[in-house]
Amino acid sequence: MAQDFEVRRLGPSFFAEVVGIDCSRGLEAADFERLKAAHLEHGVLVLRNQMLSPEQHIAFSRRFGSLLVHSMSQFNLAGHPEILLVSNDKHPDGRPVGIADAGRYWHTDMSYRSEPALGSMLYARAIPSEGGDTSFCDMTAAYEALEPAMQQRLEGLRAVHYFSARWEREARQGLRPPQTQEERDRNPPVSHPMVRTHPETGRRALYAGGFTIGIEGMPDAEAVELLDWVERWATQSRFVHRHAWRLHDVVFWDNRCAMHLASNYPETMRRHMHRTTIAGDAPYCRPQPAEAAVSA
Ligand code: OGA
Ligand code: MN
């Protein structure tokens, strides 16, 4: 029987809440298609009140594509490496169980790979009573609101994304263990267009974020300034929705058209999330149809 669920927009131009769906059961085709269409339309969905075992979380995520395993394998759930632990729990010997600070900078997941993640599905299994929100920004709306001259300038540019540059920045602040050379070598720098055509909706979005270290063919100082400008532009409040977690929320974001940002919470409180990551394809920017075709 079809599930009777509702989809309600919560954000300014994107981000919706889904109430009344149970993702622990296999969704039938019509429900799945409706949910997938809502995800493409809103970019980020919060699915309320989910009770998912790791197996059910993985099975539900796989409906959207194959899953990626995070390269920092000590933070993956034992027996289920498809689940990355975003957690401040500690092993008895004091070592962190997961990545506690996952993404306290605007980013889109795994943009440092040649084929970055399509989406990520983060499931709240323990949340602090204050803090720990996750903010999202709408990179499609941010692109569409740009002056045409800026759209054109960015269209030809490719940003360089490098995982280790970001990891080491966090490690220097004591937030993460240093990487081994082998871990560094797993993700060499890659470049991606700064304007990306969404492969399913055909809409254009900005594409950049916190793993970027420069822009191909541009002096570093100028590149850093432009990357900073793009980030400030895209993260203006009119493009942002800040999500205050409820226990058992699953937030499923589209990394191809949204960035996100984690925020602080009291260290004494527990925050424990399970993340699956859905594989995506290499970003590209399709030329716009000629003006004549548009006005015809
Ligand atoms: C992530 C991430 C943000 C958060 O899991 O990819 O960026 O608030 N998480 O935990
Ligand atoms: Mn992230």
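Start with ligand 1 and His107: an oxygen atom of the ligand is 3.2 Å from an N or O atom in the His107 side chain. That is a polar contact, a pair of N or O atoms within 3.5 Å. The model is predicted: local features need pLDDT of at least 70, side-chain atom pairs count only at 80 or more, and totals for chains, interfaces and linings use all residues. Residues are numbered from 1 along each chain as written, chains are lettered from A and ligands numbered from 1 in written order, and side-chain values use heavy atoms, without hydrogens and water.

Select Asp109 next. One of its polar side-chain atoms lies 3.1 Å from an oxygen atom of ligand 1. Now pick Arg271. An N or O atom in its side chain is 2.9 Å from an oxygen atom of ligand 1. The protein covers 99% of the 290 Å² of accessible area (Shrake-Rupley method, 1.4 Å probe) that ligand 1 has on its own.

Show the residues with a heavy atom within 4 Å of ligand 1. Among them are Val86, Leu122, Trp253 and Arg275. By class, this shell has 5 nonpolar, 3 polar and 3 charged residues.

Move to the manganese ion (ligand 2). Which residues coordinate the manganese ion? They are His107 (NE2), Asp109 (OD) and His260 (NE2), at 2.1 to 2.2 Å. Donors here are N, O and S atoms within 2.8 Å of the metal (3.2 Å for Na, K and Ca). Along the chain, their spacing is H-x1-D-x150-H.

Technical notes. A polar contact is a pair of N or O atoms within 3.5 Å; within protein, one must be able to donate a hydrogen and the other to accept it, and residues adjacent in sequence count only if both atoms are side-chain atoms. Ala, Val, Leu, Ile, Met, Phe, Trp, Tyr, Cys and Pro count as nonpolar, Asp, Glu, Lys and Arg as charged, and the others, Gly among them, as polar.
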